[in-house]
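Hello,

Here is the structure I promised to pass on to you. Please open it alongside this message, and my notes on what turned up follow just below.

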Amino acid sequence: MSQRMVVSEEGLYEVLAFLFSSAHILVNEPHLYGTFRLIDGASRLIGFALESGELEDEEFLGHLKEDVDERKFLLMTDEETYFKLLEESTRAMAKQMKKRAAARDGDS
Amino acid sequence: MNVMEAIKGRRSIRQFTDQPMEKDKLENLLEAARWAPSGGNLQKWRFVVVTSASQKELVRQFAPGIFAMPSAFIVICAEVEPDANEWKKKLYLADCSIAAQNIMLAAHEMGVGTCVALSYAKSAISEILELPEDFEPMLVVTLGYPAEDPEPPPRLELSAMAFEERYGQEWKS
């Protein structure tokens, strides 16, 4: 498994600005916005990583980002489907990380 | 387009084309804001128009609620007296909100899409725009030519939100 850096310094700063700003404004925003900022932040991070063009899991992360971006705004109109997105994306991450761990164990 | 058509036809636009906003149009929008009512006619608002790529990028980076880059931002700021009480603080926001609505309706009439945002880090925006200490960014309006045509979101029926004489007594059309 690769140990390469996959986010540029510019990307890092953009994500940091997003995280700091989110932490700051979430003090007064509706509590569910917190979940939104987290998955939106995850999607932004994936976006920067994809830009590097050096990801081993490009297909998985690309699809995950697409799915998150497609369904995240349902927070405003369809909470049930939005909650499903949170659950399903977390499950997808777990499945992928299991696969990565298995591959890593196989390597060693 | 009459006023009611503008009110009913306006949508929050979150995807914009790359076409830049013309300066005369931006000035017309500022003019619309200038004629908004304000409590006691105090006009404590100030409007910072951001169109340069570098400033826009900085503003967007500290506005987690803004998802796509618009052609311009109008940051509506209020001069906040240091000893302003809660009532006065609400008044500043109300005044800025009315000015924002003027901007959005006038923009809609000229084919420009807008969205009003509150999800941004005030301290960062103040720093980026170099606001004087007693000014606060109250609202950010994103502007640009629409790259989407969203359906109107559902609205409550009048009977569910309007009452005659006292709360709970149904409004009858």
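In H3(A), the buried residues are A:Leu61, A:Leu64 and A:Val68. Please keep in mind that this is a predicted model.

What do the buried residues of H3(A) pack against? Their partners are two helices of chain A, H2 (31-52) and H4 (79-107). As for H3 itself, the helix runs over residues 58-71 of chain A, 14 residues in total. From its first C-alpha to its last, H3(A) reaches 20 Å, close to the 20 Å expected at 1.5 Å a residue.

The C-alpha atoms of chain B fill a box of roughly 55 × 45 × 30 Å along the principal axes. A compact globule of 173 residues would have a radius of gyration near 16 Å, and the 17 Å of chain B agrees with that. Of the 173 residues in chain B, 31% are buried. Among contacts in chain B with a separation of 6 or more, 78% are between residues 24 or more positions apart.

In soluble globular proteins, nonpolar side chains tend to be buried together. The largest nonpolar core here has 40 residues, and those with the most contacts inside it are B:Ile74, B:Ile76, B:Cys96, B:Ile103 and B:Val141. The elements of chain B that give this core two or more residues are the helices H2 (23-34), H4 (86-109) and H5 (122-129), together with the strands E1 (45-50), E2 (72-79), E3 (113-117) and E4 (135-144). Which of them gives the largest share? That is H4(B), with eight residues.

Leaving aside residues up to four places away in sequence, B:Ile76 touches B:Trp45, B:Phe47, B:Cys96, B:Ala99, B:Ala100, B:Met138, B:Leu139 and B:Val141. There is also a second, separate core of nine residues, which includes A:Phe36, A:Leu45, A:Ile46 and A:Leu64.

Key:
Residues numbered from 1 in each chain as written. Chains lettered and ligands numbered in written order. Predicted model: local features only at pLDDT ≥ 70, side-chain atom pairs only at ≥ 80, totals over all residues. Core = buried A, V, L, I, M, F, W, Y, C linked by C-beta atoms within 7 Å. Buried ≥ 20, exposed ≤ 12 C-beta atoms within 10 Å, placed from the backbone. Helix = DSSP H or I, 4+ residues; strand = E, 2+ residues; numbered from the N terminus. Contact = placed C-beta atoms within 7 Å. Expected span 1.5 Å × (residues − 1). Rg over C-alpha atoms; globule rule 2.2 N^0.38 Å.
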